[in-house]
Amino acid sequence: MSRAAEIYPADRLTLREVGLRDGLQMVKTWPDTAAKEDWIRREHAAGVRHFEIGSFLPATRFPQFADVPDLARVAAVEGVHGIALALNERGVRDALDAPVGEVGLVISATEAHSRANQNRSRAEALDLVRMAVEERPERGPLIGVGISMAFGCSISGAVPQAEVLKICEALLEAGVDLIGLADTVGYGGPDAVAALTRDARALAGDVPICIHLHDTRGLGLANAAAAMDAGARVLDGALGGLGGCPFAPGATGNVVMEDLAFLAATKGVETGIDLDALIGVREILATAMPGETLHGALARAGPPKLEAAPA
């Protein structure tokens, strides 16, 4: 069994918390390091085991991620699978030197978004992936790569599924451990998500496929359900539905983590997550980010009470 298969077991659904990274990319205020550490500990206690903890980016441009090395150490101590994003050579090397379980990279499905997001071509982004795989130390972190704009691009328009699968093939040849399919701007619908999920899983074999959805046009949970039905066993969500891409026009929040966990529960899919405890973690965000809107139907209505009425 590969290390990726051990960390992302195929017999259960893994929900990854991406709020600490994707969720904080476009906010005006953010939790301080102590609050982020509390976020990780409390959500871990609620049953979440996989966290994107931030990005190795210049602190002068993205001060919300200046404490990524500190969070990496906390994640390692807590037994969390910590994932850190890197967008350039220095970021990759910093991430490989940190105690993270996975280094995340990005390759865009369209050339225009690649230039806007990373200031490099897709071919150059693939070269960065190869560098990460080659420079990773023995028993070093997993290398996961997300394909952004996989279901349509707000810069270039439609994205043929064959083009995304071609990128998947190149990533598999490069030796990555996980491939993500990202609906960066919420263009996808259930049929498209299901079709690409099925075909990517068939192509990838035992390499996990992660589905990363945004709820920009209200289809996030419908798409998540379609992905699960098509065999997806790794999905991303963000507490309170935070998130968006600063280099993708029209990008808004991720699928709400709490609602995603509830969806899985209604489908009888095991996640190990305590819904009430997960909802409780939102108070950290409400306190630290009073100007940010927190989304989520489950938090508004509460989990259904299904205990039998007393006789």
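## A pair in helix α6

R130 and D127 sit three residues apart in helix α6, which spans residues 122-135, so about one helical turn separates them. This is a predicted model, and in it these two residues form a salt bridge, with their closest N and O atoms 2.9 Å apart.

How accessible are the two partners? R130 is partly exposed, at 34% relative accessibility, and D127 is also partly exposed, at 44%.

## A network of three

Let's turn to another group of charged residues. R16, E102 and D236 belong to one network, joined by salt bridges that share partners. Across the whole structure, the count of salt bridges comes to 19.

Is R90 buried or exposed? With a relative accessibility of 66%, R90 is exposed, because the cut-off for that label is over 50%.

## R115 and E124

The side chains of R115 and E124 come together in a salt bridge, with an N to O distance of 4.0 Å.

Both ends of this bridge can be described by their accessibility. R115 is partly exposed, with a value of 45%, and E124 is partly exposed as well, with a value of 38%.

Definitions and conventions
Residues numbered from 1 in each chain as written. Predicted model: local features only at pLDDT ≥ 70, side-chain atom pairs only at ≥ 80, totals over all residues. Heavy atoms only, no water. Buried < 20%, exposed > 50% of the residue type's maximum accessible area, 1.4 Å probe, protein only. Helix = DSSP H or I, 4+ residues; strand = E, 2+ residues; numbered from the N terminus.
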